[in-house]
Amino acid sequence: MDGYSFELITGPMSCGKTEELLRRVRRCIIAKKKVVVISPDVDTRAKGDYIESRSGLWLDAIKVKHSLQIMSCVREAQVVAIDELQFFDSNIVKVITQLMNDGKKVIGTGLELDFKAEPFGSMPELMCIATRVDKLHAVCMKCGCEHATRTQRLIDGHPADKSSPLIMIGGDETYEARCIKCYELPDVKAKKKALGLKLLQFNKD
């Protein structure tokens with residue numbers, strides 16, 4: 001089924017989501033489909049109006065700030081490809097639903113979990129309305145297993161604290177894929193609170 005569909009490609013950082021998106025888009029182009037590629041303007045890793053995979057593949061893309069802007073950019077498109085869905089506002093669910101109802105084929109990528117291993121943005125709803133979901137795995141950069149499903153944020157080479165900002169754009173120096181066993185999420189605030197309670201109890205005793 002070409003139209004009336006939404007293919008969602010998800011997984012952690014470095015699992016090949018954008019590369020798979022570009023592969024599918026290129027097949028649509030070969031099939032002479034009218035394709036429009038969309039990317040959120042918050043993703044500044046690419047220095048121009050395009051999306052690029054870690055392997056160097058790239059395609060021109062329209063950068064948008066709000067999800068509702070997508071509708072005016074894809075009127076003539078048969079296929080709409082959207083990268084980094086987790087960065088869009090909550091209206092992205094309505095937008096993709098409308099695109100499907102309009103008979104378009106939508107292909108999207110997104111991180112289903114943020115660096116705290118919690119559902120990222122509207123990804124849970126998008127996974128529910130998708131007609132196809134492909135969850136990719138990466139290679140764990142700590143132990144080398146091939147089932148990494150977590151995105152580890154690093155600051156100065158060390159796991160980022162739970163209190164750091166939700167969105168922090170970065171590449172391999174900021175994020176790496178890890179398996180559940182190797183994934184780390186320090187919570188300095190909780191440790192300080194626990195230490196304070198211990199000291200308080202010690203003083204009472």
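Me: Which residue in β7 is the bridge partner of L8?
Reply: In β7, L8 is bridged to G108, where strands (E, at least two residues) and helices (H or I, at least four) are DSSP runs, numbered from the N terminus. This is a predicted model, in which local features need pLDDT of at least 70 and side-chain atom pairs count only at pLDDT 80 or more, while totals for chains, interfaces and linings use all residues. Residues are numbered from 1 along each chain as its sequence is written, and side-chain values use heavy atoms, with hydrogens and water left out.

Me: How many bridges join β1 and β7, and in which sense do they pair?
Reply: Strand β1 (residues 5-10) pairs with strand β7 (residues 105-110) in the parallel sense over six bridges; two strands are taken to pair if DSSP finds at least two bridges between them.

Me: And what's the strand order of the open sheet of six strands?
Reply: The order is β5-β2-β6-β7-β1-β8, with parallel pairing. At the edges stand β5 (62-64) and β8 (132-135), each of which pairs on one side only. On average, neighbouring strands of this sheet are turned by 20 degrees against each other, direction ignored, with axes being lines fitted to C-alpha atoms (for helices over the stretch in contact) and angles running from 0 to 180 degrees between N-to-C directions.

Me: Which strands does α1 lie across?
Reply: Helix α1 (residues 17-30) lies across β1, β2 (35-40), β6 (79-82), β7 and β8, and runs at about 165 degrees to β7; contact means heavy atoms within 4.5 Å.

Me: What span should α1 have, and what do its end C-alpha atoms give?
Reply: At 1.5 Å a residue, the 14 residues of α1 should span 20 Å, and the end C-alpha atoms are 20 Å apart, which agrees; the expected span is 1.5 Å times one less than the number of residues. After α1 comes K32, which has a positive phi, near 65 degrees.

Me: Switching to cysteines: C28 and C128, buried or exposed?
Reply: C28 counts as buried at 7% relative accessibility, whereas C128 is exposed, with a relative accessible area of 67%. Buried means under 20% relative accessible area, exposed over 50%, and partly exposed in between (1.4 Å probe, protein chains only).

Me: How many disulfides does the count come to?
Reply: The count comes to zero disulfides, a disulfide being a pair of cysteine sulfur atoms within 2.5 Å.

Me: Now packing: which residues touch the most other members of the largest nonpolar core?
Reply: Those are I70, I82 and L85, in a core of 22 residues. A nonpolar core is a set of buried Ala, Val, Leu, Ile, Met, Phe, Trp, Tyr and Cys residues joined through side-chain atoms within 4.5 Å. To this core α3 (92-101) gives the most, with six residues.

Me: What does L85 touch?
Reply: Not counting residues up to four places away in sequence, L85 touches F6, L8, I92, I96, G108, T109, G110, M123 and L126.

Me: Last one: what is the order of the open sheet of three strands?
Reply: That order is β10-β9-β11, with antiparallel pairing. The edge strands β10 (158-159) and β11 (175-178) have a single partner strand each, so one side of each is left without a neighbour in the sheet. Strand β9 (residues 150-155) pairs with β11 over four bridges, and R153 has Y175 as its bridge partner in β11.
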